[in-house]
Amino acid sequence: MTDIAALERRISRTEAYIEISNIMGRIEFLHSAYANEPIVPYFSTRSDTVIELPFGRYTGSDAAQRCFVGALDEGLPPRDLSGEYVEHLLSTPVIEVADDLQTAKAAWITPGAEAHHLGWVEGNPLHGFWYWGRYHLVFRKEDGAWKIWKYRNSLTFVADYYKSFTDGSLPRPPAPIGNGGPDSAPRFQVEYTPSWDPKELVHAPEPYATFVDEDEF
């Protein structure tokens with residue numbers, strides 16, 4: 001490889017890192033503002049697109065639409081949003097762009113805090129709590145732009161703001177049903193318990209040449 005070709009490859013990898021970081025940052029800002037529909041175009045529409053959230057998995061070309069709009073917007077009962085709050089940070093980024101520049105694997109630990117009206121609890125109280133998790137994603141280069149192809153948001157713990165997360169989690173909302181319901185149960189969730197084995201946590205991606213489907217998603 002010539003020096004010019006090597007430099008062009010380095011520039012392409014750097015540009016990919018920046019674009020992928022910006023995509024995830026924009027998604028977090030949109031989600032905090034309950035603007036879920038604008039998130040959809042950041043995802044691939046391939047038939048093998050996969051999205052996993054703690055309550056289930058969505059697959060297919062319309063996975064993002066059914067998840068972020070059908071489940072997170074339309075799939076939830078109408079409620080008062082006053083005082084509600086969702087903010088998830090993107091820490092410890094690891095983004096590995098494949099040698100062939102066609103895909104990239106990425107991971108973040110995401111500490112977060114939320115406040116919601118707990119409509120599934122008597123009295124519909126507004127309650128603040130911690131919500132920590134991890135993101136593991138695979139991006140694809142499609143028509144010159146990076147798109148999310150495989151997406152997993154795994155829950156580490158949900159805990160009352162005033163208690164230790166080792167004391168147990170808050171009552172969970174029911175999973176979305178109907179058109180917004182997931183296609184199947186989640187597969188790769190490693191939620192904290194006082195008896196868990198931390199060695200079961202998924203590692204950050206390593207450098208790789210080209211994407212090989214190893215059933216990671």
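Is Arg 13 buried, partly exposed or exposed? Arg 13 is partly exposed, at a relative accessible area of 25%. Here buried means under 20% relative accessible area, exposed means over 50%, and partly exposed lies in between (1.4 Å probe, protein chains only).

This is a predicted model: local features need pLDDT of at least 70, side-chain atom pairs count only at pLDDT 80 or more, and totals for chains, interfaces and linings use all residues. Residues are numbered from 1 along each chain as its sequence is written, and side-chain values use heavy atoms, leaving out hydrogens and water.

Arg 13 pairs with Asp 99 in a salt bridge, 3.5 Å from N to O. The term covers a side-chain nitrogen of Lys or Arg within 4 Å of a carboxyl oxygen of Asp or Glu. By this rule there are 6 salt bridges. The Asp 99 pair links distant parts of the chain, 86 residues apart. Arg 13 sits in helix α1 (residues 3-32), Asp 99 in the loop between β4 (91-97) and β5 (103-110). Helices (H or I, at least four residues) and strands (E, at least two) are DSSP runs, numbered from the N terminus. Asp 99 is partly exposed, at 42%.

Now turn to Arg 57 and Glu 52. Their closest N and O atoms are 2.9 Å apart, forming a salt bridge. Arg 57 is buried at 7%. Glu 52 is buried at 1%.

Asp 183 lies in the segment after β8 (145-160) and Arg 66 in helix α2 (residues 63-71), so the bridge ties together parts 117 residues apart in sequence. Asp 183 is partly exposed at 40%, while Arg 66 is buried at 17%. Asp 62 joins Arg 66 and Asp 183 in a network of salt bridges.
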